Structures are given as C-alpha cells and as structure tokens.
Amino acid sequence: MAAGSATSLVHATCVAFEDDGVLILGPSGSGKSDLALRLIDESGSGGGLEPMPCMLVSDDQVVLHRAGDVLVATAPEALRGLIEVRGLGIMPVQQIRDRAVVRLAINFSPHGAVERMPDPALPEIEIAGALVPGLSLSPWEASAPAKVRMAIRSLRRNPSSAT
C-alpha cells in the first residue's frame, strides 16, 4: 500500500457498521443510494446471532483521507446526514456516523456476472492510493444487504481473508 497522507473526493456512497466502513462504488443511477438505504433501514444479522445496525457516512460523494494504509471516509459538510431516495428526493436520515475506516469496497455487477463460487479471499482493489478488500454483487437482489453484512462479519473474523 502507498504510504503518506492524502485527501480525495470520490463519487460513491459510504455506510458504516460501527467503525467498519463500506464504500459503495458505481455510476450514477446504479443503485448506490438504494443499497445504502436498505442497509440503514434493515437490522439484519449477516448470518450471525446479533443484529448489525448500519449508519450513513455519506451519500453520492465521499471524502477519503488516506493516512498510510488506512482510508477514513467522511461526508462533505453540505451532504452530511442526507441521502437521495428515488421518487422522494434528497431526504434526511437520523442514523449517521461522522467517519468510518473503509474496510470493504462494493462494485456492482449484473446478476449473471457475479461469480457463483469465487475464491474465499476477497480481492483487493486500489482506492485513493490504498488497497481495500473488494466485493462484486448485484445491488438489486433482495439478498444484497445480507451479503454486505456477511462480508463485513467475515472480515471481522479473519482480517487476513482479504489478501
């Protein structure tokens, strides 16, 4: 990973499970905000016994601060606490977190393009000069929020599974 410190603004959405941030990447209209809203609104367990509540860090634009090997996500001040809800517009949410360490990056793929039985180690992708475990999923599947929670739970159990 790259050393040093840098700040960048990326077109993405970020949610957090406690301090574990999930950066949701994709073009405009691909479902980033919709997946984030489902993650925030549902209190799934990710295959565990305890619910894994989710909070919004930032929608549409995310400020990433890289310090050595760590990416910290925050919201631009003008977007703090706001999410785009298709059909309703820009809406406030109460479940917000000021910052999160990016532990997982989500890339969207069409349903048929998601590998059925991938290597259990998540591949790393480069974001803002840092390497982050990446997960490819179809955002419109009903199971997408559960898959995100399962990936975070897996990374928490075995942080080295990303490499």
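Reply: Strand β8 (residues 99-108) runs parallel to β10, and four bridges join the two. Strands here are DSSP runs (E, at least two residues), helices are H or I runs of at least four residues, and both are numbered from the N terminus; two strands pair if DSSP finds at least two bridges between them.

Before going on, a word on the source: this is a predicted model, where local features need pLDDT of at least 70, side-chain atom pairs count only at pLDDT 80 or more, and totals for chains, interfaces and linings use all residues. Residues are numbered from 1 along each chain as its sequence is written, and side-chain values use heavy atoms, with hydrogens and water left out.

Back to β10, which also pairs with strand β9 (residues 124-127), this time antiparallel and over four bridges. There, E126 has L131 as its bridge partner in β10. β9 and β10 make a hairpin with two residues between them, and A128 in the turn has a positive phi of about 50°.

How enclosed is β10 itself? Six of the eight residues in β10 (residues 130-137) are buried, so the rest of the structure largely encloses the strand. Buried means under 20% relative accessible area (1.4 Å probe, protein chains only). Across the protein chain, 43% of the 163 residues count as buried.

For context, the protein chain has two helices and ten strands, in the order β-β-α-β-β-β-β-β-β-β-β-α from the N terminus on.

Definitions and conventions
Buried means under 20% relative accessible area, exposed over 50%, partly exposed in between (1.4 Å probe, protein chains only).
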